Amino acid sequence: MTDEHRTESANTPDEPGRNTPNGTNSGTGSLVRDVALYSLARLVLVVVLAAAILYIPRAFGVEIPLLVAALFAVLIALPLSLVLFAPLRRRVNERIAAVDERRRSTRADLESRLRGEGRT
């Protein structure tokens, strides 16, 4: 980037709402929260299933190794989480789509400004 472009971009005011808590980056925080919640819910499901696989057979005198219980818990939790946490998964997908659309429009705006379009 040349000095001319740096000076010009430094002198132009920021767009309203950009990089502010209520601006374009606000959707990213809720996306991170929802992804963390979905991941935590899936992890808790794996732990609960592993505990059930580990301790229920012990009531009948059968010992199952921890690694085997964990492996089966992961395999069972994969399809089960798609059904149990469908609303949360849909919300995560919607937030990802919204963030992606904001990034796409911001990039298109930046590219048009770099080409010199849209300047008054």
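I began with confidence: the protein chain has a mean pLDDT of 82, and 76% of its residues reach 70 or more. pLDDT is the predictor's confidence in each residue, from 0 to 100. I noted that this is a predicted model, where local features need pLDDT of at least 70, side-chain atom pairs count only at pLDDT 80 or more, and totals for chains, interfaces and linings use all residues. Residues are numbered from 1 along each chain as its sequence is written, and side-chain values use heavy atoms, with hydrogens and water left out.

**Confidence by element.** Helices here are DSSP runs (H or I, at least four residues), numbered from the N terminus. Over residues 1-24 pLDDT stays under 50. The model has 13 contacts beyond four places in sequence for that stretch; contact means heavy atoms within 4.5 Å. Where pLDDT is low, the predicted coordinates should not be read in detail.

**H3 against H4.** I checked how these two helices cross. The axes of H3 (residues 66-84) and H4 (residues 86-114) come within 5 Å and cross at roughly 80 degrees. H3 is therefore roughly perpendicular to H4; that class covers 65 to 115 degrees. Axes are lines fitted to C-alpha atoms over the stretch in contact, with angles from 0 to 180 degrees between N-to-C directions. H3 brings Ser81, Leu82, Val83 and Leu84 to the contact, and H4 brings Ala86, Pro87 and Arg89. I sorted these residues into five nonpolar, one polar and one charged. Nonpolar here takes in Ala, Val, Leu, Ile, Met, Phe, Trp, Tyr, Cys and Pro; Asp, Glu, Lys and Arg are charged; the others, Gly among them, are polar.

**Ser81.** I followed this H3 residue. Ser81 counts as buried because its relative accessibility is 0% (buried means under 20% relative accessible area, with a 1.4 Å probe and protein chains only). Beyond four places in sequence, Ser81 contacts Tyr38, Arg42, Leu45 and Ala86.

**Core.** Of its 16 residues, Tyr38, Leu45, Leu49, Ile53, Ala69, Ala73 and Phe85 touch the most other members. Helix H2 (26-55), H3 and H4 each give two or more residues. H2 supplies the largest share, eight residues. Ile53 contacts Ile64, Ala69, Phe72, Ala73 and Ile76, leaving aside neighbours within four places in sequence.

Note on methods:
Parallel < 35°, antiparallel > 145°, perpendicular 65-115°, else oblique. Core = buried A, V, L, I, M, F, W, Y, C linked by side-chain atoms within 4.5 Å. Buried < 20%, exposed > 50% of the residue type's maximum accessible area, 1.4 Å probe, protein only.
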